[in-house]
Amino acid sequence: MNTPEPVSLRLTFFQRRAWLVGVAGLLVGAMGLVLNPAQFFRSYLFAYLFWLSIAVGCAAIVMIYHLVGGAWGFVIRRILEAATRTLPVLAVLFIPLLFGLSFLYVWARPEAVAADPLLQHKSVYLNVPFFLLRAVLYFAVWIGIAHFLHKWSLAQDRTGDPTLARRLETLSGPGLVLYGGAVTFAAVDWAMSLDPHWFSTIYGILWIVGQVLTALAFAILVLRLLARQEPFVQVLTPSHFHDLGNLLLAFVMLWAYVSFAQFLLMWSGNLTEEIPWYIRRLHGGWQEVGIVLITYHFALPFVLLLIRRVKQSPLVLAALAAGVLVMRLIDVYWFIAPEFHPTVGGALHLSDALLLVGIGGVWVGRFVGQLQKLPMLPLRDPQEEAVVARPETA
Amino acid sequence: MAYEGQERATGIATVPPVVGPGYTPRSVNEKISAIVLTHPTSRGWLVGFGISFLLLLLLLYSVVYLFAVGLGIWGINQPVGWGFDIINFVWWIGIGHAGTLISAILLLLRQEWRTSINRFAEAMTLFAVACAGIFPLIHLGRPWFFYWLLPYPNVMGMWPQFRSPLVWDVFAVSTYATVSLLFWYVGLIPDLAALRDRSRSRVGRVLYGMLAMGWRGSARHWARYQTAYLLLAGLATPLVVSVHTVVSFDFAVGIIPGWHATIFPPYFVAGAIFAGFAMVLLIAIPLRKFYQLEDFITLRHLDNMAKVLLATGLVVAYGYMMETFMAWYSGSPYEHYAVITNRMTGPYAPLYWGLILCNVVTPQLLWSRRARVNVPLLFGVALVVSVGMWLERFMIIVMSLHRDFLPSAWGMYYPTVWDYTTYIGTIGLFLSLLFLFVRFLPMISIFEMQELVAEEEHGAPRRAATETAPAAEAVRVSG
């Protein structure tokens, strides 16, 4: 297993397809820029935040792995690292949003700010230059973390120097702190400020948990897709999937917990400054979307993931992870779209799908490309001997 | 399976072991049970227990006086209707979180280093919950009607207000106390049998024998025991989160600035674990010293607990940060006044800054590995954190109540001597129970330590704690 397998032509083929589809999606989607620019940026924001969450969430999981260890992390480590390597592309993909700030955010329209004392109060924070500066900072943090995680991982493969594991651990503690701060304020800037009057102290945690859950589901799915390939075929056992399934269960529960906490407190408080966010999401068909989320984002995966056989079957678990990914997509949509459209019917737009596929294609293309650059399993991870039970190779 | 030997692999050179060298299952049993059975009662224990018992008497006196005279002996009044009573309730219940977290969640996560600290952490949990439970009851104006909180068909045709978080509290705390007790007791049974078999006095044999409920250590016993223990762990896990979540609802469901924040549930849970681990350290460090248990509660344990302390401390700091940021960002003058102006510059500002010093600044020392294994320093940090968590509850409760929307309704809260005696009294109750516990029950789980030692000895792969079958049968049965 130790030769960096130039993984099958299938991956390369898949990568090209992804790029093609992505570019095509973006090009066709860009026509919306002419036809309906406001809708273009709304769809773009939604699609962008979904794909970003995988990359950023993966960085968090790698760092958690470096801190706590475990076989589950060893087998998905390279998948996660490859996903974090997409962050520079995502930083470039962020640029189009900058041209649509005034379409997206009320606070970026000077005439609206002039008419609203609350927005004037917030303009110290919510103004275009500072918004840009913060965005640069967030990407600097994420890309910086991803860079070192990758660099030292590469060095570890080459030299096996034991100090590297230590260094990765040392980076991961403060790295997670920085990551948490960056995601929190990015969530405030990019999503919460869509309704600049509304605020919630748990909002950053909602995004953090959502991102990690998205990334975990994505990693499980990719692991299953690669499970038949070298080197995974020699290494993977049902217990790896069992552990990953348990983690998925934990984050599904955590998502439900933080979502419910916010809902209960705002619903019971019923304050004019808080409740509009839920009023929008409980009318015009959005409430049915909410029920779908409760059922398929929480209840169904929760029940299924309690069953040991589900977690130990790679196929079933991967199907479940795919379902969770779809639900994450709907959840992000439920966060973003009701800010612009009072009804679901009015919200759904072709550009949502086009840009989702467009950004997604480019992202997946980059991801698959990165995945092929390094061996699919770390070569000299000090955990390797301990955590991987290898039946054939001694 | 997958985790086996992970601890050996991750750091033979850098990380101290979970158990000191040179132990056999038999010597583990002898060492731990000897503390209870053969060691003479030490003078230190007598003095410690004596002082604690005096404080317990102080509690009894304070409570009797309270019942005789009424709530007026406390400092609570309008506008601050919740004072030391609720602060102490939340403080104690928070401390009571670490035990079950260590026992249940770390068991499910297969963190085998938990083995030597889970027993006394669980005991600590029970005692802390007992202390916590006193406060809401004595805080009732007419405590003899406490059972009105429970839903039961009655001649008055009255039901509790189910929409009130205070009623949820009753369910959450009583469920938590029950499951924690069961969990602790079930975990004790094999050890009680060991004490029964080793005890040389007839009284000991009879008492431990009764408590051991006929445990013989057969393979069937062990198989059923493992299932029961695992199920209880699964049952206890959500409770760790739910209790302090409900406690946070006591505040956050109210729409008072400073209380009504959506981050409260996770922030309270993190704070509880933070306070709980600080208390576990405060207990573990003297215990390992006085009873020479350094080989069982090693630097590895202290290091890990310090890491948990740091991580939860950071979550708590995140909570403070978000509360403060959103208070400004909201643009609400009341939020801004309550959370920023009044806390940072109001009459209680020194307590606020003390809290920041205790809970945010001090734990940052624990980033350094050297600080984490410096035992006196760690003890100091844990002490500071315990104080800080008390101050946090003071900040949330008193500082939010004493100045509400109308300046005409503002006032100050001054605790009376009875507030202090009741608080100190519950510390006496806690310590008395703890002293009795270390004297009469094995403070470290004998059979789990034996299992650990046996596996080190034979180099046998460590089976995941969650899947153990009675493999090390022979070595576990004592006597």
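Is Glu30(B) buried, exposed or partly exposed? Select Glu30(B) and colour by accessibility. Glu30(B) is partly exposed, with 34% relative accessible area. Keep in mind throughout that this is a predicted model.

**Stop 1: a salt bridge in chain B**

The side chains of Glu30(B) and Arg198(B) meet in a salt bridge, at 4.0 Å from N to O. The two residues come from distant parts of the chain, 168 residues apart. Glu30(B) sits in helix H2 (residues 25–37) of chain B, and Arg198(B) in helix H7 (residues 165–198) of chain B. Arg198(B) is partly exposed as well, at 25% relative accessible area.

**Stop 2: charged pairs in chain A**

Now move to chain A. Select Arg77(A), Arg78(A), Glu81(A) and Asp157(A). Salt bridges with shared partners join these four residues into one network. Zoom in on Arg77(A) and Glu81(A). Their salt bridge has its closest N and O atoms 3.0 Å apart. Both residues lie in helix H3 (residues 71–84) of chain A; they are four residues apart, so about one helical turn separates them. In general, an α-helix has 3.6 residues a turn, so residues three or four places apart point the same way. Check the accessibility of each partner. Arg77(A) is buried at 1%, and Glu81(A) is buried at 2%.

Next, pick Arg134(A) and Asp189(A). This salt bridge brings its closest N and O atoms to 2.6 Å. The pair links distant parts of the chain, 55 residues apart: Arg134(A) belongs to helix H8 (residues 128–159) of chain A, and Asp189(A) to helix H9 (residues 162–190) of chain A. Arg134(A) counts as buried, with 5% relative accessibility. Asp189(A) is buried too, at 0%. Over all chains, the count comes to 16 salt bridges.

**Stop 3: the nonpolar core**

Show Tyr48(A), Trp142(A), Trp190(A) and Phe251(B). Within the largest nonpolar core, which has 291 residues, these four touch the most other members. Helix H2 (residues 37–68) of chain A gives the most to this core, with 20 residues.

Which residues are in contact with Phe251(B), leaving aside its neighbours within four places in sequence? Centre on Phe251(B) and look around. Its partners include Trp82(B), Ile86(B) and Val90(B). Trp259(B), Phe264(B) and Phe268(B) are also among them. Ile396(B) and Ile397(B) are in contact with Phe251(B) too.

**Stop 4**

Select residues 118–139 of chain B. This is helix H6, with 22 residues. From first C-alpha to last, H6(B) reaches 32 Å, close to the 32 Å expected at 1.5 Å a residue. Of its 22 residues, 18 are buried, so H6(B) is largely enclosed by the rest of the structure.

Now select residues 299–329 of chain B. Helix H11(B) has 31 residues and reaches 44 Å between its first and last C-alpha, close to the expected 45 Å. Here 22 of the 31 residues are buried, so H11(B) is also largely enclosed by the rest of the structure. Follow the chain past the end of the helix to Gly331(B). Its phi is positive, near 75 degrees.

Go back into H11(B) and pick Thr312(B), which lies in this helix. Thr312(B) counts as buried, at 10% relative accessibility. Beyond its neighbours within four places in sequence, Thr312(B) is in contact with Ala270(B), Ile273(B) and Phe274(B).

**Stop 5: where the chains meet**

Show both chains as surfaces. How many residues of chain B are in contact with chain A? There are 39, and they meet 48 residues of chain A. About 3500 Å² is buried between the two chains, with carbon and sulfur atoms giving 69% of the area. The interface holds zero salt bridges by the rule used. Ten residue pairs are in polar contact across the interface. On the chain B side, H1 (6–10), H9 (219–252), H10 (264–290) and H11 each supply at least two residues. H11(B) provides the largest share of that side, ten residues.

**Stop 6**

End at Gln450(B), in helix H17 (residues 446–458) of chain B. Gln450(B) is buried, at 1% relative accessible area. Gln450(B) and Arg26(B) are 424 residues apart along the chain, yet their C-alpha atoms are separated by 7.6 Å.

How values were computed
Residues numbered from 1 in each chain as written. Chains lettered and ligands numbered in written order. Predicted model: local features only at pLDDT ≥ 70, side-chain atom pairs only at ≥ 80, totals over all residues. Heavy atoms only, no water. Core = buried A, V, L, I, M, F, W, Y, C linked by side-chain atoms within 4.5 Å. Buried < 20%, exposed > 50% of the residue type's maximum accessible area, 1.4 Å probe, protein only. Contact = heavy atoms within 4.5 Å. Expected span 1.5 Å × (residues − 1). Buried area = accessible area lost by both parts, 1.4 Å probe. Polar contact = N/O pair within 3.5 Å; in protein donor to acceptor, adjacent residues only side chain to side chain.
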